[in-house]
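Please open the model in your viewer and keep the selection panel at hand. The stops below follow one another by selection.

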Amino acid sequence: MSLIDKMVATSLPLIPKPVVRKVASPYIAGEHIEDLLNVSAQFNRDGYLVAAAVLGEFVSKPEEAEVAVQEYVELLDALKKRGIDAYIHVKPTHLGLLLDQALCIRNLKTVLDTAARNGQFVRMDMEDSPCTDGTLSVYHKLHESYENLGIVIQSRLRRTQDDAKALGRVRANVRVCKGIYIEPYGISYTDPEIIRRNFTSLCDSLMGAGCYVAIATHDEKLVWDAERLIDRHGLSAEQYEFQMLLGVLPALRTVIKSSGHRLRVAVPFGTSWYAYSLRRLRKNPAIAGYVLRSMLKG
């Protein structure tokens, strides 16, 4: 992480909002639900699955969490009505996790009940490390009652091997990613190769436990590793999937799909794109530096 990246992350609020919007636009479907529906329908026509999301996190009032619940319910019903092959993923802090775990559980149940009626799936995102225990606690409290609930783990965190063992015992539906958050050294790996090796090890152990694994990466080396694991475990195309973000490495996305793998594209939308973008850039200063370089090239 360079000094320039850190300086850019600190000065992000000084960057004009239209500039941030321009940089963020390839990675966000738009501000309105119709924007997401149109982008998602096109991905379906092109042979991709979709993971839809409403932008938002870290609500400060229960009322804000209630608004988020209604947005998720509306999104689920709209996806069902349009016949779009998609699930949704939700941030626990958007549903009030940091206010009250019981509130988060009640809100998540409302979302899950709607999804269950529609035959849809919901995945809980994994946020930064202060949220890890709470997110896993909510999952383990609900997974037996809701077969349509999944979870995420991050290979950057040192604890994740133990978390994966617990998830393997219940054959959870797990999304494995590196994790974008820059965490303290004592709880996270910093060496990129260790993070990669841990990612592959997590996929291997979860596949071996009979879990459905969503392999979320834009790292071609990890795609190669995952393909070796898929062959070794004898998995059919319906027993796993790859996942990528909207706007990131479309050429690799095409290669993965052309190889016969199912691939799901994460498609977010919402009016909270500005706050979301700034939070993400602050959490990962290297990305902030990339934003500046992209601006200068433009």
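Select strand E4 (residues 149-154): six of its six residues are buried, so E4 is largely enclosed by the rest of the structure. Buried here means under 20% relative accessible area, with exposed over 50% and partly exposed in between, for a 1.4 Å probe and protein chains only. Strands (E, at least two residues) and helices (H or I, at least four) are DSSP runs numbered from the N terminus. The model is predicted, and local features need pLDDT of at least 70, side-chain atom pairs count only at pLDDT 80 or more, and totals for chains, interfaces and linings use all residues. Residues are numbered from 1 along each chain as its sequence is written, and side-chain values use heavy atoms, with hydrogens and water left out.

Display the side chains of E4 next. Leu-149, Ile-151 and Ile-153 are buried on one side, and Gly-150, Val-152 and Gln-154 are buried on the other.

Strand E3 (residues 122-124) pairs with E4 in the parallel sense over two bridges; pairing requires at least two DSSP bridges between two strands. Arg-123 has Gly-150 of E4 as its bridge partner. Four bridges join E4 to strand E5 (residues 173-177), again in the parallel sense, and Val-152 is partnered by Arg-175 of E5. In E5, five of five residues are buried: Asn-173, Arg-175 and Cys-177 on one side, Val-174 and Val-176 on the other.

Move to E7 (residues 240-245) and E8 (residues 263-269), which run parallel and are joined by four bridges. Phe-242 has Leu-263 of E8 as its bridge partner.

Which residues lie nearest the centre of the second largest pocket? Asp-85, Ala-86, Tyr-87, Phe-121 and Arg-264 do, among 18 lining residues. Helix H4 (62-82) and strand E2 (86-90) each supply at least two residues of this lining.

How values were computed. On a 1 Å grid over the protein atoms alone, a cavity is a set of points where a 1.4 Å probe fits but cannot get out, and a pocket is an open set with protein on both sides within 12 Å along at least five of seven lines; lining residues have an atom within 4 Å of a point.
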